[in-house]
Amino acid sequence: MSGDYWEMEVTVQNNTNEPKNFLGFQIDELDSNQNILNSYMSYNKNSCPTIVDPGQQFTIKLTEKGSDGIAGMQSNYCVWGDSISSGTKCGYSEKFKAMF
């Protein structure tokens, strides 16, 4: 924690045989009882499309404000493709969850 903010990194990997455009991932903000406070899509910095080559990883840095009652986060899927509306949702081998 840095001041009143939690900082963390989330990494995705392209496990296909072709370059993929990474759009972002779904986030649930959790309270201390692990109840969902808010749910939304998070995008890479400046909402710039990022091409991830086969076998490569891409990391997004997140900052959450502690005074908002956020005690953790979880993510159920990320999205690859040309746009969020037409992109492909991809689940994880393990559900991502971190309590601060």
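Is Cys90 buried, exposed or partly exposed, and at what relative accessibility? Select Cys90 to begin: at 26% relative accessibility this residue counts as partly exposed, where buried means under 20% relative accessible area, exposed over 50%, and partly exposed in between, with a 1.4 Å probe and protein chains only.

This is a predicted model, in which local features need pLDDT of at least 70 and side-chain atom pairs count only at pLDDT 80 or more, while totals for chains, interfaces and linings use all residues. Residues are numbered from 1 along each chain as its sequence is written, and side-chain values use heavy atoms, with hydrogens and water left out.

**The whole chain**

Colour the protein chain by secondary structure, and you will find zero helices and seven strands, given that helices (H or I, at least four residues) and strands (E, at least two) are DSSP runs, numbered from the N terminus. Buried residues make up 34% of the 100 residues in the chain. Among contacts (heavy atoms within 4.5 Å) between residues at least 6 apart in sequence, 69% join residues at least 24 apart.

The structure holds zero disulfides, a disulfide being a pair of cysteine sulfur atoms within 2.5 Å.

**The pocket**

Strand E7 (88-99) is one of the strands to supply at least two lining residues, and E7 gives the most, with six.

**The core around Phe25**

Next select Phe22, Phe25 and Leu62, which touch the most other members of the largest nonpolar core, a group of 14 residues. Such a core is a set of buried Ala, Val, Leu, Ile, Met, Phe, Trp, Tyr and Cys residues joined through side-chain atoms within 4.5 Å. Strands E1 (5-13), E2, E5 (57-65) and E6 (72-80) each supply at least two residues of this core. Leaving aside neighbours within four places in sequence, the contacts of Phe25 include Val10, Ile60, Leu62, Cys78 and Tyr92.

From Phe25, move across to Ser42, its bridge partner in E3. E2 and E3 pair in the antiparallel sense over seven bridges, where pairing requires that DSSP finds at least two bridges between two strands. Now follow the chain to Gln34, in the loop between E2 (20-30) and E3 (36-43), where phi takes a positive value near 70°. Most residues other than glycine have a negative phi. Gln34 is partly exposed, at 41% relative accessibility.

**A buried loop residue**

Finish at Asn14, in the loop between E1 and E2, which counts as buried at 2% relative accessibility. The C-alpha atoms of Asn14 and Gln57 are separated by 6.4 Å, although these residues are 43 residues apart along the chain. Leaving aside neighbours within four places in sequence, Asn14 is in contact with residues including Pro19, Asp53, Pro54 and Trp80.
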